[in-house]
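Please open the model in a viewer and keep the selection panel at hand.

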Amino acid sequence: MIFRCPPSLKMLRLQQSGFLLRCCPPKTTTAVFSVRDKSVWAEEAGHPSDRNVDLQSKIPFARAKVGPFFQDKPRLTNMYLEDVTLKAYLKRIMPEEVLQAITPDLERFGRRVATDIGVLGRECELNPPYLTQYDAWGRRTDEVVTCQAWRTLHDISAEEGIIAIPYEREFGQWSRLYQVAKLHMFNPASGLYSCPLAMTDGATKVAELSGDSLLLERAYPHLVSRNPADFWTSGQWMTERRGGSDVANGTETIAVPQEDGTHRLYGYKWFSSATDADMTLTLARVMDNTGEVVQGTRGLSLFYLETRDSSGQLNNIQVQRLKNKLGTRQLPTGELLLDGTVAHKVSDEGRGVAAIADMLTITRIHNSLMASGCMRRLLNLARDYSTRRRVFGKLICEHPLHMQTLGRMETETRGATLLVLEVGRLLGLQDCQMASEQYQLMLRLLTPITKLYTAKQAVAVCSEGLESFGGQGYIEDTGLPTFLRDAQVLSIWEGTTNVLSHDVLRSLVKTKGAVLQAFYSDTAARLKQAVVKENLRPSCQAVELALHKTMAFAQKAASQEPAKLEVAARDLSYSLARTYIGALMLEHASWDQASPTDITAAVRWCQQDLCPVVTSDLAGCYGNEGMAQDTALVMEGYQGGASSP
């Protein structure tokens with residue numbers, strides 16, 4: 001088979017469909033194609049020296065080439081040993097005998113969350129749950145299908161005693177802090193199995209305090225079991241279509257009393273996390289003999305129900321759909337129709353909201369632990385990556401600007417960690433009925449403050465953390481974007497930032513300012529310990545000034561129109577958070593075994609505006625004119641409204 005080639009063509013080599021094309025040098029006008037003989041040959045009169053030249057090596061794209069470089073991925077080793085703040089806090093706070101007893105378990109668990117638990121969590125992200133509503137024969141099944149990794153994490157949670165530890169009380173008041181340390185490491189690795197565990201912990205707390213015989217005898221042993229076959233998780237079905245955080249006006253579920261003492265629930269739960277849980281606690285309004293219910297908070301009672309009956313069928317529950325969410329895709333969150341669901345009232349009638357107060361304390365602390373844990377895990381990855389990634393001729397850990405960025409993230413993470421651990425310490429005292437009145441007031445105030453502030457920190461740090469990986473931080477295959485998506489929910493679940501800011505105000509009003517007095521005394525005592533260190537004295541003075549300014553603002557605002565304090569609630573909460581974290585960091589830095597970096601972190605924390613509520617007040621943000629300006633800024637140009645089509 002002979003083709004004529006233009007004499008001006010240079011020698012080329014093309015391989016296509018099994019044929020080898022040889023174009024001859026300019027002096028030759030024939031080329032030969034052979035299927036069997038792919039050797040290089042041609043009539044090359046006048047060019048004998050070119051006969052053995054390997055032309056393929058001179059053609060850069062003769063075949064697919066991706067180059068020799070592949071970026072090494074970041075790695076984790078041990079989330080306990082590498083968390084200097086967690087280790088140091090436990091060493092400073094805990095009795096030596098308790099720390100020695102739990103350290104081997106924390107070190108072992110630190111390795112596990114960096115390895116196999118982290119792998120399982122990633123599998124949950126890659127294999128999210130789905131809903132099968134009907135079987136092959138048309139019967140309604142409403143089966144929520146989860147992956148094997150999710151079910152394995154259930155078993156691990158039981159074996160590790162994630163829920164059991166604080167209720168076994170093996171280490172008394174320190175048992176809760178032991179659990180908190182494990183949760184700080186476990187939550188960001190768990191593929192969101194931390195969410196059902198949060199609600200399970202809350203339900204366990206309610207069961208322990210309620211005195212209800214059914215909860216204590218039937219549910220409690222399952223909730224605290226270390227046997228995977230016996231371990232139950234619990235849901236928390238509070239939110240309805242009208243609801244959100246406004247359960248008093250948004251709860252429409254009714255409870256119809258039955259002759260056997262149970263109730264039948266009828267309602268629509270719009271946002272039910274852990275849809276695959278074994279049991280749940282939920283709010284409903286008891287219907288009287290005339291078919292009427294009491295509206296508002298006074299009409300709400302707390303009910304316990306098991307999601308399946310003795311035959312394994314759903315307890316008159318229909319799963320309408322699973323939510324398609326921005327993040328937390330690993331977690332089955334559903335819309336549920338309760339159509340005659342059998343339930344048991346576990347609170348006094350009309351005392352449902354009061355009964356769930358302890359549950360909300362627990363779940364908000366879990367939320368904060370997810371925030372601190374996510375920041376720590378992502379920062380550890382970013383730190384390791386900085387020793388593996390080389391740009392502009394050197395490792396990025398050798399670029400001062402990059403290390404400054406990571407340093408700022410580290411300061412935020414250390415502050416959040418100390419705050420969450422301190423709240424865990426207070427909760428442990430409450431668990432064992434050892435909390436003084438001041439400690440109880442501090443726990444009441446710090447729980448919403450910690451939740452709202454660490455959630456905002458987590459979003460900012462996770463966003464910055466992704467950026468520290470460059471383009472790889474935006475690639476789903478790396479698993480890194482999961483951090484930011486999942487962090488965003490933290491400021492929404494268990495109350496948005498504004499809702500929790502109002503909760504802070506309620507604590508001030510209900511205690512007639514006692515929580516603020518407790519806050520002042522606690523903060524001042526910590527500063528008194530730190531101010532003796534000369535290198536910490538200027539920072540202590542900055543925190544003390546912020547403390548006095550915040551107290552003065554609160555007292556002044558309390559005597560004015562309620563609207564002023566309400567509109568300042570968010571900034572007030574931020575001021576309390578920053579001031580208290582500053583005191584905690586300074587106290588930690590004044591410890592005789594503190595490291596130089598503890599001092600650096602404390603000093604840097606105190607360089608920011610610790611009292612934004614006073615800064616904004618001086619700018620006139622909370623007066624009538626400031627509020628009117630806010631509305632004008634937002635509404636200018638708006639042409640819609642409730643009556644718009």
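How many cavities of 30 Å³ or more are there? The count comes to three. A cavity is a set of points, on a 1 Å grid over the protein atoms alone, where a 1.4 Å probe fits but cannot get out; a pocket is an open set with protein on both sides within 12 Å along at least five of seven lines, and lining residues have an atom within 4 Å of a point. Grid points are joined across faces, edges and corners, and a volume is the space filled by probe spheres set on the points.

The model is predicted, with local features requiring pLDDT of at least 70 and side-chain atom pairs pLDDT 80 or more, while totals for chains, interfaces and linings use all residues. Residues are numbered from 1 along each chain as its sequence is written, and side-chain values use heavy atoms, with hydrogens and water left out.

**The whole chain**

Of its 645 residues, 52% count as buried, where buried means under 20% relative accessible area, exposed over 50% and partly exposed in between (1.4 Å probe, protein chains only). Among contacts (heavy atoms within 4.5 Å) between residues at least 6 apart in sequence, 73% join residues at least 24 apart.

**The second largest cavity**

Select T85, R414, L418, M585, H588, D598, A601 and A602, which line the second largest cavity. The space inside this cavity is about 40 Å³. At least two lining residues come from each of α12 (400-431), α19 (569-589) and α20 (596-605), and α20 gives the most, with three. By class, the lining comprises four nonpolar, two polar and two charged residues. In this scheme Ala, Val, Leu, Ile, Met, Phe, Trp, Tyr, Cys and Pro are nonpolar, Asp, Glu, Lys and Arg are charged, and the others, Gly among them, are polar.

Because 24 of the 32 residues of α12 are buried, the helix is largely enclosed by the rest of the structure. After α12 comes Q433, with a positive phi near 55 degrees.

Next, select Q457 in helix α13 (residues 437-467). Is Q457 buried or exposed? Q457 counts as buried, at 4% relative accessibility. Beyond its neighbours within four places in sequence, Q457 is in contact with M375, E412, A416 and W605.

**The second largest pocket**

Select R122, L381, T478, G479 and F483; of the 34 residues that line the second largest pocket, these lie nearest its centre. Two or more lining residues come from each of α3 (116-126), α11 (357-386) and α14 (481-488). The pocket holds about 810 Å³ of space, and its lining has 15 nonpolar, eleven polar and eight charged residues.

Select residues 148-159, which form helix α4. This helix of twelve residues reaches 17 Å from its first C-alpha to its last, close to the expected 16 Å. The buried residues of α4 are A149, W150, L153, H154, I156, S157 and A158, and they pack against α2 (96-114), α3, α6 (175-186) and α7 (194-210). G161 follows α4 and has a positive phi, near 70 degrees.

Most residues other than glycine have a negative phi. Select R169, in the loop between α5 (164-168) and α6: its phi is positive, near 60 degrees. R169 is partly exposed, with a relative accessible area of 22%. L192, in the loop between α6 and α7, also has a positive phi, near 70 degrees, but L192 counts as buried at 5% relative accessibility.

**Strand β11**

Finally, select T282 in strand β11 (residues 279-286). T282 counts as buried, with 0% relative accessibility.

Note on methods
Helix = DSSP H or I, 4+ residues; strand = E, 2+ residues; numbered from the N terminus. Expected span 1.5 Å × (residues − 1).
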